[in-house]
Amino acid sequence: MSNSSSNVVVPGRRDTGGGSQATPWWKSGVVYQIYPRSFQDSNADGVGDLPGILTRLDYLSDLGVDAIWISPFYPSPMKDFGYDVADYTGVDPLFGTLADFDRLLAAFHGRGLKVIVDWVPNHTSDEHPWFKASRSSRTDPRRDFYVWREGRAGGAPPNNWLSTFGGPAWTLDPPTGQYYLHSFLPEQPDLNWRNPEVRRAMMDTLRFWLDRGVDGFRIDVAHRVMKDPEFRDNPPNVGQGQLHKQLGDFDSQLHLYDSNHRDVHEVYRQIRRLLDAYGSKEPRVAVGEIHIFDLPELMAFYGEEEDELHLPFNFTLLKAPWNAAAVRRTVDAMEAALPKEAWPNWVLGNHDESRVASRLGEEAARAAMLLLLTLRGTPTLYYGDEIGMRDVPVTPEQVMDPWEKRVPGLNLGRDPERSPMPWDSSAHAGFTPPTAHPWLPMAADARERNVAAELRDSGSMLSLTKALLRLRCRHPALHLGSYRPVASAPTEVFAYLREQNEDRVLVALNFAAHPVTLALPEPARALLAGTHAGVRLATKEEIALRAHEGVVIELAR
Ligand code: NOJ
């Protein structure tokens, strides 16, 4: 948020409502994810870049988020658009230079905004010098940096493990006659985290960015780093386990042995020690991408002594059916499962998921935004969701995502949610100049649904998001307070209280497509925000909610 606006609290200087002044920024703040290819192009090549992100600093500051997380921008052959890293300590020329990154970091810090970078420990690119050396011979000193195994009798792969992106997780490398493991693409060989030298080398890559001043890391597929040391076959999945969406053949197994071996926790304790050592003044945060829906297993990533990740991503809302009972159950289950001092977090979208406005519809997406920004815990907001971006379909000729290319037709492709950000009504919506060709198609309605248009419209999704971010910032109850569901709410409504000392707020969301009246558990003092225009409190005792309407109400103290 721009520091010159009148009714604005400067990020990083929140009112903690008499609570501890030492509340770390990653608890009270809101994280905004930038997929750098798709945010802002500065050099007319049709691909977003770091200088482009810098030109949007005013927008992000004014929006009112506290931190950005930038998906990978490291040198990469871009087989998985940067999640195949060829050098952990550089910037791909497509995205700019290291000097561009330093400039970006300094400018964001100058506005009180934090910067989280992506870190991809499970695998490198096959063009990383470590892998080139590793595959060069069985006796190369780097051989054991990766996971090499003999095939089974008859030349079959070493075991039955599958790649998430389709096909076996093993590829035979004929010159040395062994198979290497790749949990994703063959061009993304898995690092061998059981090798202490790998650990040392990867810790050095964290130090590199910490020394430059980054505020934390989003750790890619954090749970997959450690596998069964005996390489046992995974058992078949006969209906027991499933993630939040169907992943094709990958779902045919229970992933008992290719992921989440208990030794993974020692890795995150080591990383946490490193971050804590750097974070004596300003805490550095570890966010983990963990696709685990068994809550005790997920909670384990906070650490037995809460000495591992600060924020293991909580994707449970992606799995919840969109009705009041299921969403409340999901939130309550998370609240109940959290270790004592652990801080929750919530996610409704990212670069791997269909857009929330496409999954739920435009109206429900407004209520979902209100939910995301008023639950207890750190929200991560995916770029474009603040303007209600929807999935942008791609034709077979336009497909970019390697997953869709390898497993076509199953709707696994992630291009639709990666469409470039529409900024204004010019050609290519200000993402890239009119003469350039955006790397993915712009939304068909980009000339109408874009940042500039929504900034002018007080009823837009963007205006709602900004209002909610400001409200969250001003109210300690919202950014720090406790959570208590309202048991007496009608079945269509999910209502909860957020409280921090004298600050007391009620949130109520009508999930139904018809109006519902909610009797307030306590008298209202003021209406603070709502998803629909013209909402008002007729009495202090109840509120009439329209279809899909959400409200935030201040209660009498
Ligand atoms: C998870 C990332 O979010 C996804 O985009 C990527 O393809 C895989 N990890 C592999 O790195």
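**Pockets and a ligand in a predicted model**

About 890 Å³ of space lies in the largest pocket of this predicted model.

Biologist: Where does the ligand sit?

Modeller: Let's begin with the space itself, about 890 Å³. Its lining has 39 residues, with His 223, Leu 243, Phe 250, His 255 and His 291 nearest the centre. The ligand sits in this space, the largest pocket.

Biologist: Which residues come nearest to the ligand?

Modeller: Happy to look! The shell around the ligand has four nonpolar, two polar and seven charged residues. Of the 13 residues in total, those that come nearest are Asp 80, His 123, Asp 220, His 351 and Asp 352.

Biologist: How many Å separate an oxygen atom of the ligand from an N or O atom in the side chain of His 351?

Modeller: A pair of N or O atoms within 3.5 Å counts as a polar contact. An oxygen atom of the ligand lies 2.6 Å from such an atom in the side chain of Asp 80, and for the side chain of Arg 218 the value is 3.0 Å. For the side chain of His 351, it is 2.8 Å.

Biologist: How much of the ligand's accessible area does the protein cover?

Modeller: Start from the ligand on its own, which has 300 Å² of accessible area. The part of this that the protein covers is 97%.

Biologist: Which elements give two or more residues to the lining of the second largest pocket?

Modeller: This pocket has a volume of about 540 Å³. Its lining has 31 residues, and among those closest to its centre are Ser 354 and Asp 391. The elements you asked for are helix 9 (316-319) and helix 11 (356-360).

Technical notes
Residues are numbered from 1 along each chain as its sequence is written. This is a predicted model: local features need pLDDT of at least 70, side-chain atom pairs count only at pLDDT 80 or more; totals for chains, interfaces and linings use all residues. Side-chain values use heavy atoms; hydrogens and water are left out. A residue is near a molecule or strand if one of its heavy atoms lies within 4 Å of it. A polar contact is a pair of N or O atoms within 3.5 Å; within protein, one must be able to donate a hydrogen and the other to accept it, and residues adjacent in sequence count only if both atoms are side-chain atoms. Accessible areas come from the Shrake-Rupley method with a 1.4 Å probe; for residues, only the protein chains shown count as cover. On a 1 Å grid over the protein atoms alone, a cavity is a set of points where a 1.4 Å probe fits but cannot get out, and a pocket is an open set with protein on both sides within 12 Å along at least five of seven lines; lining residues have an atom within 4 Å of a point. A molecule sits in a cavity or pocket if more than half of its atoms lie within 2 Å of its grid points. Ala, Val, Leu, Ile, Met, Phe, Trp, Tyr, Cys and Pro count as nonpolar, Asp, Glu, Lys and Arg as charged, and the others, Gly among them, as polar. Grid points are joined across faces, edges and corners, and a volume is the space filled by probe spheres set on the points. Helices (H or I, at least four residues) and strands (E, at least two) are DSSP runs, numbered from the N terminus.
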